[in-house]
Amino acid sequence: FPDIYFKIDFDGNIVEISPSVKKVAGYEPEEVIGKSISDFIQFRENWERSKQAFIDRTKIQDINIVLFNKANRKIDCSLNAHVVKNEQGDIVGFEGTLRDITRRIRMDEDLKKSQRKLAIANDSKEKLLSIIGHDLRGAVGTQKAILNMVSTDLDDFSKKEIASLIATIKNSVDSTFTIVENLLSWARIMRENIMPRLATNNLYPVIKDAMDVLEEQAKSKSIALVYEGPKAVTTSFDPDLMNIVFRNLISNAIKFSNPGSKIKVQILNEPEVLEISVLDAGIGMTQEEIGHIFSNAEKLVSKPGTSHEKGTGLGLIIVREFIAMNKGRLSIESEPGKGTRFIIQFPAKT
């Protein structure tokens with residue numbers, strides 16, 4: 001019999017118990033017979049009040065209680081019990097069963113956590129799709145309007161005006177491309193469809209490529225991109241994923257940096273660790289905002305840049321996930337008004 005069968009007298013003392021108490025709680029039957037059931041079971045109230053509840057209801061079904069095993073560890077149990085009467089109809093005790101439901105409790109808790117996580121994820125997805133839809137519609141609408149205007153009245157524009165409009169379209173297209181690329185990366189993360197190709201590579205060309213791609217975006221705000229470090233920096237990583245990481249970090253730094261400032265990508269190659277920092281002197285973040293980036297709830301938080309640039313907050317979530325996939329560690333140092341330093345650490349490769 002897998003459950004614990006027990007019988008107690010009117011005072012709560014155990015008079016019978018099944019051998020299964022050994023398997024469930026670690027006790028030999030003789031160790032518990034004669035002792036108060038309150039020594040082993042955690043009732044919501046003392047025995048006298050609990051006894052009265054038994055008497056009033058005559059039968060109790062599937063009540064969750066806690067049983068203490070021989071090692072004084074708690075075991076979640078389901079209690080089923082009823083009163084025992086003598087031939088005269090007087091209540092002389094109680095009998096019932098205790099079933100170990102630890103696994104069921106854990107499964108219920110896991111289910112509740114999954115439901116909460118799913119609800120948060122659905123809220124994040126709805127917010128994300130709403131933001132992305134708005135941003136894409138605005139960006140593509142601007143591009144469409146400019147192209148329609150130029151194609152319809154091409155002869156009315158000077159070369160200088162056309163060059164200016166093309167520059168506007170390029171910035172808009174670059175922004176649209178980043179949104180789409182992050183959306184696709186995020187979708188792959190959601191589907192768990194990303195398998196990093198980790199191998200020993202030189203990190204400098206990946207960083208340099210990201211800086212080159214974002215050079216024009218930085219120039220539009222008169223921001224200088226500076227690399228400080230060696231050009232031979234080897235560690236194990238996936239070049240494609242880390243390229244997306246550095247583009248997002250540098251683009252984010254440009255967004256929140258003041259015009260005329262400087263963004264530095266610094267390398268510290270120590271014997272035990274390789275550290276890459278993306279450092280800006282922009283508007284900074286609060287500790288609460290930093291906490292959102294590392295939150296498993298994936299709460300999407302974004303605020304406008306120093307030139308009123310819009311964003312989704314998705315880029316930094318992708319950064320966090322891709323760095324973890326590359327066996328790296330991300331940390332952030334920031335203070336409002338004093339800039340931000342994103343730090344990536346990898347075990348050093350010699």
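The chain has ten helices and 13 strands, taken as DSSP runs (helices H or I, at least four residues; strands E, at least two) numbered from the N terminus. This is a predicted model: local features need pLDDT of at least 70, side-chain atom pairs count only at pLDDT 80 or more, and totals for chains, interfaces and linings use all residues. Residues are numbered from 1 along each chain as its sequence is written, and side-chain values use heavy atoms, without hydrogens and water.

Student: Which residues of helix 3 are buried?
Tutor: Buried means under 20% relative accessible area, exposed over 50%, partly exposed in between (1.4 Å probe, protein chains only). Helix 3 spans residues 47-57, and its buried residues are W47, S50, K51 and F54.

Student: Why do the buried residues of helix 3 line one face?
Tutor: An α-helix has 3.6 residues a turn, so residues three or four places apart point the same way. The arc is taken from the directions from the helix axis to the C-beta atoms. Down the axis of helix 3, the buried residues line one face because they fall within an arc of 105°.

Student: Which exposed residues sit on the face of helix 3 turned away from its buried side?
Tutor: The buried residues pack against strands 1, 4, 5 and 6, with contact meaning heavy atoms within 4.5 Å. The face turned away carries R49 and D56.

Student: Which residue in strand 2 stands opposite K7?
Tutor: Strands pair if DSSP finds at least two bridges between them. Strand 1 and strand 2 pair in the antiparallel sense over three bridges. Opposite K7 stands E16.
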